Structures are given as structure tokens and as C-alpha cells.
Amino acid sequence: MEKSENRDFFSMDRRTFLKVVGAIGASAFLGIHSSKITKALELSKTKIIWIHGAECTGCSSSLLNGGNPDLSQAIDKLSVDLAFHETLLAQQGIFVDGSPASTSELNSEILLDEAIEEGNYILVVEGSIANGPDGSGKYCMYGERTFKEIFEKAATNATAIMAVGMCAAYGGVNSADSDIKDITDFRGVAYLNEDSSKGMLSILGIDKPVINIAGCPAHPDWVLLTLAAVILGKIDINNLDAVLDTYGRPVVFFPTDNSMHDNCPRRGYYDRGILDDDLSGEGCLLKVGCKGPYTRSDCGLRRWNGSVSMCTQAGSPCISCCEPGFPDVASPFYEMIEDKPLAYGMNVGTMSTIGVGVAAAGVAAHAARRIVFDKYAEDRKRKEEE
């Protein structure tokens, strides 16, 4: 196979391009091909409006912590005009007697309105959107306006939408089961947990192409490489079904044919039946609540913190923060849930038994589990279509 630096990304078809960027990091892609990218985009800039709903700003923090490239380098190399990002702006939201005051040079609310009215932008949404109480959206306010109102205006004029993080994609922590869940009524952009009929776009009657970048938080590569693919025309926003899974996630980062467990650094311990009973050991973390076997992400290959570590490598069980329905579907985080169905169509207790019994036949057991997984995937797809 040719080395990645010898590949011509711009002559690749979309499928090959996505496979390659799925195998490398943003730093490699943007660094190796920066001159070609600059030349390809030198006559145009892609405008981005990034708005924040109910969230912890963790996805922006994750993106800012991406060291190579850092955010400013990525913006420059991708010829991006980041027209609005509340967390990064110097402007403040200034209201006098209930109305925005001053000009866009000082007032972020006026800046946002002007950017939206100009149109022709990719809308990035971070955070869930409050629909409550009673459809008013008043559980998430920006000065005198609801975030629901801001989102509706921004989504209407956008060419495409990227929902970054679990809150924006599926409702996330804000839509988790609680005594106030029905009152606050937080929604994702196009989904509420696994239900695509209850996303905020459906409520507002807006039809726009949406890409969900899952994760709590989302990995910087998932955001930057998806954005790069869209800007370079390697993802056709009018034909997203070709590159997204059932829940709107790019399959290159959230594969449908395997789980995080398959590429976990501790996978070898599982195949030998070495399952830890606490968090202090070096073995497989399945018995202390690891949800890797039914979590679809490339964390085990891509890793975090400069591609050197990840949750299970650092000693923490996977909490399935990339799956719709998080955090409820993964709770309690650090307990083995024996009757909970996993991606392989088994329960945790069954998988533990298999793991203990295959110390001398790990490879064969892995092949058997993949067969079971394929059958489970087919059954799940059929049920979703019904």
C-alpha cells in the first residue's frame, strides 16, 4: 500500500477519501496536504456559524485542546470564516430595555443576526435545544431570546448542519431521565435519543441535511475531518445516506460492523479471559462496567490526547458516550449490567463466560462473536426499517 503522503487526496473518489481520512488524524491530513488544500480553496471561504445551547462547552474545549493542528491552524488551512462562536468572541450580548444595543463590533447578538441574514453558511450546533415549558423554549435563554428561536432562525438559512456532541445530536445529558425531563423537554437537532421524529428540526418543520458528530465530548478529528470532507466536496450534503449510519453519524468514525471493544488496547486480556474485578488492574474492564462491546466508535484506533491514550487505556471503563440515549443507555457507568443487550446480541454475563473459557482460543472466539454481531446488525436494521 502506498504511504498516505504519496496519495493524491483530490483525485480520490469519495469512498476512498473517507476511508483514508478515517485511518489518519487531522494533523496528518491537514499538514501533509495544506498547500493543495489552500490552492483548492484560495478563491472561496466557507462560513461557519457555531451556536451553543444547553451544554458544558466540552466539545469546544475538546476542539481547542487539539494540539496538532490547533483550531487556528485548522481554520486557516481549511479557509474557514468562523463568523460566530459565542465562546471565542470578544463581543458580549448587550441588551437595553430588552433590545440588542450598539453594533456588531461590540454586541454578539447583533453580529449573530447579521451573519445569519447573509446566509450561505454551515451551521454547527453544540448543546441541546429546550422545547419546554409547553413548547416555549424558555428553559434556555439568550438575553431576551430563547435558544429555540435562535436555532430556528439559524437553521432556516443554513446550507447544512453539523450537530457536535451528544447534547446537540441526541439530547445528551440534558434529556436524561429525571423529574424535570418532561418540563424542560430538551431535544437534539434531528433526534431525541434514538427517535428521529422528535428532533427539534421536526418540531419546527425545517428540512436540512444534518451530520451528527457523536461523543461526550466529540473528538477533534471527528469534527475537523468531517468539516474538511464537506468543504472539499468529498461528502455530498445532498446524499448523506451514503456516508452516515442509521443515527446520522459518519460511518468512517462510528463503524457499523464492529465496536470499540474490537480495537480496545485491553482486548487481548478479554480473549484470554482476564477480567478485572476493580479499576486497579491491567485486564479487561468488562466486569467493572465497560460498555465498549456495544459502543460504535474508532476511539481504540484514533485515541485521544494527541493519539496517545483513551479511556480504557487510562483505566476507565468505556461509558458508551457515542451511543444515542447516552447517558441512560449506559447507566450505571461502573457496574456490569448482566441483562443489558450488547452489540453482539448477548448479555454481559454471557460474554464474561465466553471470555473466561477461551483462554486458548481467542481468535476463534472473536470470529464467532463477529458472526453473531453481523446477525444482530441485520436484525436491528430490519427492525428499524419496519
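I take buried to mean under 20% relative accessible area, exposed over 50%, and partly exposed in between, with a 1.4 Å probe and protein chains only. I am working on a predicted model, where local features need pLDDT of at least 70 and side-chain atom pairs count only at pLDDT 80 or more, while totals for chains, interfaces and linings use all residues. Residues are numbered from 1 along each chain as its sequence is written, and side-chain values use heavy atoms, with hydrogens and water left out.

I looked up Val96 and found it partly exposed, with a relative accessible area of 47%.

I noted two cavities of 30 Å³ or more, a volume being the space filled by probe spheres set on the points, which are joined across faces, edges and corners.

The largest cavity has a volume of about 120 Å³, and of its 14 lining residues I list Ile48, Trp50, Leu71, Ile75 and Leu227 as nearest the centre. I sorted that lining into 14 nonpolar, no polar and no charged residues, counting Ala, Val, Leu, Ile, Met, Phe, Trp, Tyr, Cys and Pro as nonpolar, Asp, Glu, Lys and Arg as charged, and the others, Gly among them, as polar.

For the second largest cavity I recorded about 80 Å³, with a lining that includes His261, Arg266, Arg267 and Thr312 and divides into five nonpolar, three polar and two charged residues.

Conventions: On a 1 Å grid over the protein atoms alone, a cavity is a set of points where a 1.4 Å probe fits but cannot get out, and a pocket is an open set with protein on both sides within 12 Å along at least five of seven lines; lining residues have an atom within 4 Å of a point.
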